[in-house]
Amino acid sequence: AAESGFGTGTDFVIIAEDDTPVSTDILEFYSWAREKYAGDEEIITVCGHMHEARGGLADVVRDTHFGAWIWGTWRDRWDRYLCDDWDHTYRNKPHGGWDWRISEHWIDRLGFRAIAPAMSRSQDIGEHGGVHASPADFANAVSSCWVPDVEPQDYREISA
């Protein structure tokens with residue numbers, strides 16, 4: 001999906017799954033973050049998910065967690081870091097998979113950060129029939145601070 005998106009000539013792609021509804025301001029949020037953090041080498045991704053609130057609706061944080069429930073990245077980060085390291089085979093144990101690789105390797109070990117809204121702009125609804133979640137795990141994926149309707153606003157980064 002990322003390669004197809006970048007193949008259109010864009011410098012930023014957003015990757016979402018079919019069991020992840022998003023807030024009404026999701027494209028506004030990603031457009032703002034794309035511009036604001038394009039030159040910030042510490043930021044490897046922009047994520048739309050937050051598990052628990054860390055501020056208000058206009059607030060954005062530099063996060064040490066990768067939320068895979070809709071995320072985006074720039075062409076330069078994709079080409080330089082993520083593309084050749086993409087894990088489709090779960091070879092990177094103990095957890096394996098591309099999402100754990102971004103979280104544990106790029107963010108935890110190497111110190112990159114993700115930009116995320118302080119209140120979630122996405123929600124996981126894939127409790128049954130999914131590949132990576134089961135009803136027993138589902139509570140760990142659901143956001144307690146998802147806001148489906150968000151009016152247009154000015155975003156700002158806060159320390160959290």
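Reader: Which residues touch the most other members of the largest nonpolar core?
Author: The model is predicted, with local features needing pLDDT of at least 70, side-chain atom pairs pLDDT 80 or more, and totals for chains, interfaces and linings using all residues. Numbering runs from 1 along each chain as its sequence is written, and side-chain values use heavy atoms, without hydrogens and water. A nonpolar core joins buried Ala, Val, Leu, Ile, Met, Phe, Trp, Tyr and Cys residues through side-chain atoms within 4.5 Å; buried means under 20% relative accessible area (1.4 Å probe, protein chains only). This core has 25 residues, and the ones asked for are Ile-44, Phe-66, Trp-71, Leu-82 and Ile-102.

Reader: How many residues are in the other core?
Author: The other core lies apart from the largest one. Ala-33, Ile-43, Val-60 and Tyr-155 are among its members. Its size is 13 residues.

Reader: Is Trp-71 buried or exposed?
Author: Its relative accessibility is 1%. Trp-71 therefore counts as buried.

Reader: How far apart in sequence are Phe-12 and Tyr-30?
Author: Their rings form a tilted pair, 6.3 Å centre to centre with 45° between the planes. Phe-12 lies in strand 1 and Tyr-30 in helix 2; helices (H or I, at least four residues) and strands (E, at least two) are DSSP runs, numbered from the N terminus. The pair therefore ties together parts separated by 18 residues.

Technical notes
Rings of Phe, Tyr and Trp (its six-membered ring) pair if their centres lie within 6.5 Å; planes under 30 degrees apart count as stacked, over 60 as edge-to-face and the rest as tilted. Buried means under 20% relative accessible area, exposed over 50%, partly exposed in between (1.4 Å probe, protein chains only).
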